[in-house]
Amino acid sequence: MPATSPSAATTLIRNAAWVIAWDGSNGGHVYRRDVDVAFAGDRIVHVGPAFAGEADRIIDGRDTMVMPGLIDSHTHPTTEPFFKGIREEHGVSRMGNSGLYERSIAFRPDLEGRHAAMEVAYAEMLQSGVTSVVDLSSPFDDWPEIAAKSGIRAFLAPTYRSAEWRMEPDFSLHFDWNEEVGRRGFERAVSLVDSLPSHPSGRLSGVFCPAQIETCTRDIFADSIAAAKERGVPITTHIAQSTNELKEVAERYGTTPLGFADEIGLLGPNCLLAHAIFLDHHSIVGGDGARDIARLAETGTSVAHCPTPVARYGHQFEYFGRYARAGVNLAIGTDVSPHNLLEEMRTALIMARVAARDMTAVTTPEVFTAATVGGARAMLRDDLGKIDVGAKADIVLVDLQDPAMMPARDPLRSLIYTAAERAVRDVFVDGHQVVADRKVLTLDRLAAAHRLAEAQARMIDAVPSRDFLGRSADEITPLSLPLA
Ligand SMILES: [Zn+2]
């Protein structure tokens, strides 16, 4: 671990050319020019002209844009990095193009590789300006320690479920129920969620995560909802992510996934739903309209929008502005590799306009808000995602001299639409520097990437023994070019 500044030290970013600051009176982000930003320990203490206090460290801000650290609200860092080169063009046409079920049955990352994947993904997030992550993983012993070592602020969501997916040779999807496994997973989650707030890093907290709306029993949902409420912590799950899930929920419960979530009392201000794509207004669903979106807005439920995985299957969220303007709190997640939230924001902006066939379907500040205070609200935090006095010192310094940023007439647009992580120079979490001059100080990304590559090879070797048709990885998902 590199040395970081003592926790009470004061850092002054002097004369920042641009600051994306929080305007409390209007409740939104604004640009400010040529101001100082100072933080002491883990909190921002000054945003404005001429900081008068003493500073232990002074950073010249003249070539810099200061912005709040981003919040990646839906990720699977311990598994998704395994699927680079595997999942980008993998889908099953007979399953509405979703490759989720076939892939997760045939490709199983091992524990050693999951450590490496997590380090790769966390490094990637830090280097793209993410300072908080919602990490949905099947828990293992070292999970909190790796999160703490990375320096990121982690909302750890240990997943559990009562049913495993199984496929039959006709490509039909089935559910193997084991309530005891689901119960043990829930109990393990309770003890983990209870232990995290006292972790010495001070940056870990827990989220309840019954994994998918269709893989957990009513009992497990009821206990998870009660446990989250009792502790005042968030709850998250995957919902309305595929047409297979819609069919299953309709057959089992006679309603839509959102209708079921409403019925069991899942929805509410502490609930963050991942995806929520195939609601009753979606063109593929062909439902009766706006009931599901209204359910989200009325209950104060948040949605973690992850545009890339669904777009790779040829589908889309319909659409960002429709949810946002109905009053739904939106957050942004990466869900798959790359864990590059800046690129995901760009994709969210473009996909919303394509889905709506309307350029005004979303604005850059709406997506930036989702990736900052939207994610913070979903995690029940009002001290994250903004540059404001009293907020946590989770801060990103963007290099305005990077050629990809220039001309920086509108630096937020330069960052999202062009430069992305190339211009992310320095990152602070809780006042501690975790990225300096584009290099992650806390993790060895290259060494982890080597370990991940070895683990991916092991996973690929085991595919024929796991696949429901005994196929190889190359048969399930061929290389993009033929091997001569
Ligand atoms: Zn997911």
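Is F428 buried or exposed? F428 is buried, with a relative accessible area of 1%. The model is predicted. This briefing covers the zinc site, the aromatic pairs and the charges placed over rings.

**Zinc site**

- The zinc ion is coordinated by four named residues: H74, H76 and H238, each through NE2, and D335 through OD.
- These contacts span 2.1 to 2.3 Å.
- Along the sequence, the donor residues follow the spacing H-x1-H-x161-H-x96-D.
- H238 and D335 link distant parts of the chain, being 97 residues apart.
- H238 belongs to strand β13 (residues 235-239), while D335 is in the loop between β16 (329-332) and α11 (341-356).
- The angles subtended by the 4 donor atoms run from 86 to 169 degrees, so the arrangement around the zinc ion is irregular.
- For four donors to count as tetrahedral, all angles must lie between 85 and 135 degrees.
- H238 has a relative accessibility of 5%, so it counts as buried.
- D335 also counts as buried, because its relative accessibility is 7%.

**Aromatic pairs**

- The structure holds 11 aromatic pairs, and those of W18 with Y31 and F39 with F428 are described here.
- The ring centres of W18 and Y31 are 4.8 Å apart and their planes meet at 65 degrees, so this pair is edge-to-face.
- W18 is in strand β1 (residues 10-23) and Y31 is in strand β2 (residues 28-40), so the pair ties together parts that lie 13 residues apart in sequence.
- W18 is buried because its relative accessible area is 12%.
- Y31 counts as partly exposed because its relative accessibility is 36%.
- F39 and F428 form an edge-to-face pair, with 5.2 Å from centre to centre and 65 degrees between the planes.
- This second pair links distant parts of the chain: F39 lies in strand β2 and F428 in strand β18 (residues 424-429), 389 residues apart.
- F39 has a relative accessibility of 0%, so it counts as buried.
- Y160, F186 and F208 form one aromatic cluster.

**Charges over rings**

- R33 has its charged end over the ring of W18, at 3.8 Å from the ring centre.
- W18 therefore has a part in two of the contacts described here: the pair with Y31 and the charge of R33 over its ring.
- R161 places its charged end over the ring of W165, 4.3 Å from the centre of that ring.

Note on methods. Residues are numbered from 1 along each chain as its sequence is written. This is a predicted model: local features need pLDDT of at least 70, side-chain atom pairs count only at pLDDT 80 or more; totals for chains, interfaces and linings use all residues. Side-chain values use heavy atoms; hydrogens and water are left out. Donors are N, O and S atoms within 2.8 Å of the metal (3.2 Å for Na, K and Ca); water is not among the atoms, so sites may look incomplete. Four donors count as tetrahedral if all angles lie between 85 and 135 degrees; four count as square planar and six as octahedral if opposite donors are over 155 degrees apart and all others between 65 and 115; anything else is irregular. Helices (H or I, at least four residues) and strands (E, at least two) are DSSP runs, numbered from the N terminus. Buried means under 20% relative accessible area, exposed over 50%, partly exposed in between (1.4 Å probe, protein chains only). Rings of Phe, Tyr and Trp (its six-membered ring) pair if their centres lie within 6.5 Å; planes under 30 degrees apart count as stacked, over 60 as edge-to-face and the rest as tilted. A charge sits over a ring if NZ of Lys or CZ of Arg is within 6 Å of the ring centre and within 35 degrees of the ring normal.
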